[in-house]
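This briefing is for a reader who is new to the structure. Please look at the sequence and the model first, and then read the points below.

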Amino acid sequence: MLKQISKEHDSIVDDERTSNTVAALKQGILDNLFYVLGKRVEVSTDMDHFMALAYTVRDRILARWLTTREDYAKNNVRTVYYLSAEFLMGPYLASNILNLGIDDVIRQAAGELDLDLNHLIGQESEPGLGNGGLGRLAACYLDSLATLGVPAMGYGIRYEFGMFHQAIRDGWQVELTDYWLRYGNPWEIRRPQACVEVGFGGHTQSWADSFGEYKVLWTPDEVVKGVPFDTPIVGYRSGVANTLRLWRSEANESFYFDRFNSGDYEGAVGAKIFAENISKVLYPNDEEIRGKELRLQQQYFFTSCSLQDMIRRHETTGHSLENFHEQCAVQLNDTHPSIGVAELMRLLVDIHGFGWDKAWDITSHTFNYTNHTLLPEALERWSLPMFQSLLPRHLEIIYEINSRFLSLVRTKFPNDEARVARMSIIDEHGERYVRMAYLACVGSGHINGVAKLHTELLKSDVLRDFYELWPEKFINVTNGVTPRRWLAVANPEQSELMTSKIGHDWIGDLDQLSKLERYAEDSAFRSEWQGVQRAVKVRLAQYIAAKTGISVDPSSMFDAQVKRIHEYKRQHLNVLYILTQYYRQKKDPTLEISPRTFLFGGKAAPGYFMAKLIIKLITSVAEVINSDPEVNQHLKVVFLPDYNVTFGQLVYPAADLSEQISTAGKEASGTGNMKFAMNGALTIGTLDGANIEIRDAVGHENFFLFGLTAAEVVARKAAGYHPHQIYESNGALREVIDGIASGRFSRGDGSLFRPLVDGLLNSDPYLLFADYQTYVDCQDRVCKTYRDQEAWSKMSIYNAARMGQFSSDRSIRDYCKDIWNITRFEIGAGLPASK
Ligand code: 6GP
């Protein structure tokens, strides 16, 4: 064994080399520059400096990372495994510095080396390993788990290419490859010793063994290797660092060489390509995803790797597999890892020799399922032939699970074969499919939605049959976001002001923000609040000018809608309002309207034509308005390309108004709505997703509400919805729609936006026209209120002060209490166990 050369020390307390003195930090940066990056100071670049700094910070994480792991093992704790095909982590540097509590010393060390910390932070390219809401939520939850000291590990895929970069050319979205690993990733550690094997395809054989037991052998066609890459997840001042373990697929050498040596060169190369493709690229959540075999390969790959890893960890800490479920709580982040239900059964029955009933008892007490969408088209299902050829053994297992499950349904609901057909994991209508959400429901102890309304709609609509069978399985956990990244890191100006009044405890306990309430009535504080807001807006305005060449006025209202582009999110409703204002202004140039800058950001799935056309509409309208001197003093429209986490950190703090205008009943929760409100933006929104709970928390008088409710949307459609009639009867709307159709905003091309206009006039599935007038009226109230800056700031302060419950710390406490049955947080150093 390697002899320890340093004296025994409490390994959270750093040794001399990694201590947090300015001198040690400076030395660390210089050493890492030389020894890790192989660069001399004289020729080093900004990227080198960022890397050297990142390694220096990582050096300060390692001791607590290893200690956390040892502590968990020693204390024999129940562990949460968060399985997610997406982790949209955002850049690590600033957040790690904050969570370690070394901001001041690092800033000073960098300064003494003539480095500007903020500039270095800006060098980091973010790992865009997620599409949007679901992936970013996973990242917020990892932050909170580590902060609260919950033993937890995130498992996912280390995509070589993350979410595409978006460029705008001639007003259209263009997708560019995301080479996020180009300069290397200073945060991760490759752990080849912990690699596992995963099979695909092939066939199964069954026989009865000498005890008469039924046995199955699966012989896959391909076997690939999963290699883990670990990244530490530092808790906010908790002394804890948990792990995010992402799997990379690589060729299995023996498989490869066997073929190679037997002269099957093509087969060998094919196997290598097959293996390496699996973790190559993140799928944008597209309509087209369903038929994609590679996507199912990805899902099975990372789920199998993770379950094998959990079992190994469980066994090496001396536990019997019989109590796997007592030690391991696995959370399925949507249906992407739901194949895990069949895989755990396979591992227990085929590999570890358990009987079916015992294996099912363990499996169904291990998994829990979070649903993230109400859109029927987003519920995953895989065609049976494809499933059969890729995962033949799993299909057999799913048949068995299904047959036992359907017997239960028949017992509970006799003579109701229609119900049995509806609930079957195998969809037998027409072409046959495996319904992954149903597999997740059957195999999970708990099923949760992500906001109150969403959970109610799951119960009454999307998963109604399952709710009738197992009402006790359903619970709600409203989403939350981490105040570390979304306030402390993103908005240092507002954070400093808040801390100067109420101390810094709010960063780890967001309910403390309620202490700000009393300052809402304090005019001196309000003017400080306004000053901060102005400074943050100036920062964003500079960024916009640099990126797009558009100059925006920081004293105008910043009205922001940043999120994926989707018809249900209704960016085009926002455009209808902008054009309404445009026409008003054109008709009466003396009209007094409060100047507004409309900011849009978001990516469209590459195969989603309508979403791409909406981007083109926004950029076209922007072109006309921004260049028209009659209106551009009052109105500006900006489409910010390549919206991502880094960019979000600039936008949320600077917004005055947050657009949360989805058709009621469509947005599961939303989390951008929370980030904006925490940063003091007022919301204009529908009664959808978490908007409802946000409005209740901040006070109805501090929220701009409009639109149909979810129930009204359903009733309206049921009664026969005729958007054309609304168009006929509403002159302002007609003018706007006719303007778009005429080519006025598309350089005279009347056909460009035809699909959009026709869709609205003929069917308008997301009810833009039904909500148009109330939206415009509500926007007029917004304008009026904004003119009274004192009233506005008061509302803004109340918003920020009342957002405590939307911290992801609260969400994680809910999961611990209601789903994972974790009540003790003995590892975390600082924070109260529960409230
Ligand atoms: C999103 C939901 O659309 C959003 O409303 C929610 O806030 C977020 O998940 C986190 O819960 N859903 C997805 O990103 C997704 O891919 C399958 O759903």
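Asn368 lies in strand 14, which spans residues 367-370; helices (H or I, at least four residues) and strands (E, at least two) are DSSP runs numbered from the N terminus. The model is predicted, so local features need pLDDT of at least 70 and side-chain atom pairs count only at pLDDT 80 or more, while totals for chains, interfaces and linings use all residues. Residues are numbered from 1 along each chain as its sequence is written, and side-chain values use heavy atoms, with hydrogens and water left out.

**Asn368 and its surroundings**

- Asn368 is buried, with a relative accessible area of 5%; buried means under 20% relative accessible area, exposed over 50%, and partly exposed in between, with a 1.4 Å probe and protein chains only.
- The side chain of Asn368 makes a polar contact with the side chain of His446 at 3.1 Å.
- A polar contact is a pair of N or O atoms within 3.5 Å; within protein, one must be able to donate a hydrogen and the other to accept it, and residues adjacent in sequence count only if both atoms are side-chain atoms.
- Not counting residues up to four places away in sequence, Asn368 touches Val330, Gln331, Leu332, Ser444, Gly445, His446, Ile819 and Trp820, where contact means heavy atoms within 4.5 Å.

**The chain as a whole**

- The chain has 33 helices and 25 strands.
- Its radius of gyration is 28 Å, close to the 28 Å that the globule rule gives for 835 residues, so the chain is as compact as a globular protein of that length.
- The radius of gyration is taken over C-alpha atoms, and the globule rule is 2.2 Å times the number of residues to the power 0.38.
- Along the principal axes, the C-alpha atoms fill a box of roughly 90 × 75 × 55 Å.
- Of the 835 residues, 61% count as buried.
- Among contacts in the chain with a separation of 6 or more, 77% are between residues 24 or more positions apart.
- The chain exposes about 31800 Å², and carbon and sulfur atoms supply 51% of this area.
- Accessible areas come from the Shrake-Rupley method with a 1.4 Å probe; for residues, only the protein chains shown count as cover.

**Domains**

- The chain is divided into domain 1 (1-75 + 101-125), domain 2 (76-91 + 126-479 + 815-820) and domain 3 (486-806); these bounds come from an automatic or database domain assignment.
- The C-alpha centres of domain 1 and domain 3 lie 41 Å apart.

**Nonpolar cores**

- The largest nonpolar core has 216 residues, and those with the most contacts inside it are Phe387, Phe466, Leu576, Phe769 and Trp820.
- Apart from that core lies another, of 59 residues, among them Ala94, Ile507, Leu650 and Met678.
- A nonpolar core is a set of buried Ala, Val, Leu, Ile, Met, Phe, Trp, Tyr and Cys residues joined through side-chain atoms within 4.5 Å.
- In soluble globular proteins, nonpolar side chains tend to be buried together.
- Leaving aside neighbours within four places in sequence, Phe466 is in contact with Phe405, Met423, Tyr438, Cys441, Val442 and Phe474.

**Buried residues in helices**

- Leu137 is found in helix 6 (residues 133-148) and counts as buried at 3% relative accessibility.
- Leu137 touches Tyr82, His372, Asn479, Gly480 and Thr671, not counting residues up to four places away in sequence.
- The C-alpha atoms of Leu137 and Lys563 are separated by 14 Å, with the two residues 426 apart along the chain.
- Ile362, in helix 12 (residues 356-364), counts as buried at 0% relative accessibility.
- Beyond its neighbours within four places in sequence, Ile362 is in contact with Leu321, Glu322, Phe324, His325, Leu348 and Phe354.
- Between the C-alpha atoms of Ile362 and Gly235, 127 residues apart along the chain, the separation is 31 Å.
- Asn691, in helix 26 (residues 691-698), is buried with a relative accessible area of 3%.
- With neighbours within four places in sequence left aside, the contacts of Asn691 are Gln660, Ser669, Asn673, Gly685, Thr686 and Phe703.

- Most residues other than glycine have a negative phi.
- Asp114 has a positive phi of about 65 degrees although it is not a glycine.
- Asp114 sits in the loop between helix 4 (103-112) and helix 5 (117-121), and is exposed, with a relative accessible area of 74%.
- Arg747, also not a glycine, has a positive phi near 50 degrees.
- The loop between helix 29 (731-742) and helix 30 (754-762) holds Arg747, which counts as exposed at 66% relative accessibility.
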